[in-house]
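This report describes the pockets of the structure shown below and the residues that line them.

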Amino acid sequence: MKALCKKLGYTFSDMKLLETALTHPSFGGDHHVPHYQRLEFLGDAVLELAISRYLYFEFPEVDEGKLTRIRAGLVREETLCRAARRLELGKFIRLSVGEDRSGGRDKPSILCDVMEAVLAAVYLDGGFDCAVDVIRRALGDELHPEMLEDHLDAKSRLQEVLQRDGEMPVYVFISMEGPPHAPLFRYSVTLNGQQIGVGDGTSKQNAQQEAARDALRRMRNGKIAPSITQNGAIQ
């Protein structure tokens, strides 16, 4: 718990709140202890309000329609799952033996739910401002102004960047996992046969958008550049 508090940048007065936020319903049912679903409900509202306030002041000239689309990209499962993985929430979740064996610690739906529950726990323990601080830390570069624009249509933005050099990205299907009612798709985006981004999503389109966002992030972080050498390699 102390290790997780350090990652969150917040120390709980009531550690039972954090414990409940990390308890999956399968574990709660087996051991007759509270689980995270009620906290998840509250955390969803806390997150939406915090993001709405942030965008309201960050983009004073942007209309409500565009703000709504940017917010939707930030509070979606894929974004929260990335945040949860950065915080390594998976290794702290209390799961039933069966759920653990089935890979529950890395399931996007569970990681997203736990992320929201943890935010609710911080809100109840320390108030809204403390929750906002944790949200900023958890989302990190996702809140960078340029990254926020990517949440509108990352595929179009990536194509715009690459077309400056006369190149076009290609999206390649990698895999589909999970049950038919809740599939998880994985796509890569390539340039001249070189992989420049990978993304997961609950639909093919979402996975392609995530792959495009990954490529844009890598470009900004200097891991790849949108310039192409004569032999087609990315510099």
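## Second largest pocket

In this predicted model, 15 residues line the second largest pocket, and Asp-141, Asp-214, Arg-217, Arg-218 and Asn-221 are the ones nearest its centre. Two elements, H6 and helix H11 (204–220), each give two or more residues to this lining. The largest contribution is that of H11, which provides 4 residues.

The volume of the second largest pocket is about 300 Å³. Sorted by class, its lining comprises 9 charged, 3 polar and 3 nonpolar residues.

## Largest pocket

The largest pocket has a volume of about 420 Å³. Its lining consists of 19 residues, and those nearest the centre are Lys-107, Pro-108, Glu-177, Gly-178 and Leu-184.

Both helices and strands take part in this lining: at least two residues come from each of helix H6 (77–86), helix H8 (108–126), strand S1 (170–177) and strand S2 (184–191). Strand S2 gives the most, with 3 residues. The class composition of the lining of the largest pocket is 7 charged, 6 polar and 6 nonpolar residues.

## Elements at the two pockets

Helix H6 supplies at least two residues to the lining of the largest pocket, and H6 also gives two or more to that of the second largest pocket. The leading contributor is S2 at the largest pocket and H11 at the second largest pocket.

Notes:
Residues are numbered from 1 along each chain as its sequence is written. This is a predicted model: local features need pLDDT of at least 70, side-chain atom pairs count only at pLDDT 80 or more; totals for chains, interfaces and linings use all residues. Side-chain values use heavy atoms; hydrogens and water are left out. On a 1 Å grid over the protein atoms alone, a cavity is a set of points where a 1.4 Å probe fits but cannot get out, and a pocket is an open set with protein on both sides within 12 Å along at least five of seven lines; lining residues have an atom within 4 Å of a point. Grid points are joined across faces, edges and corners, and a volume is the space filled by probe spheres set on the points. Ala, Val, Leu, Ile, Met, Phe, Trp, Tyr, Cys and Pro count as nonpolar, Asp, Glu, Lys and Arg as charged, and the others, Gly among them, as polar.
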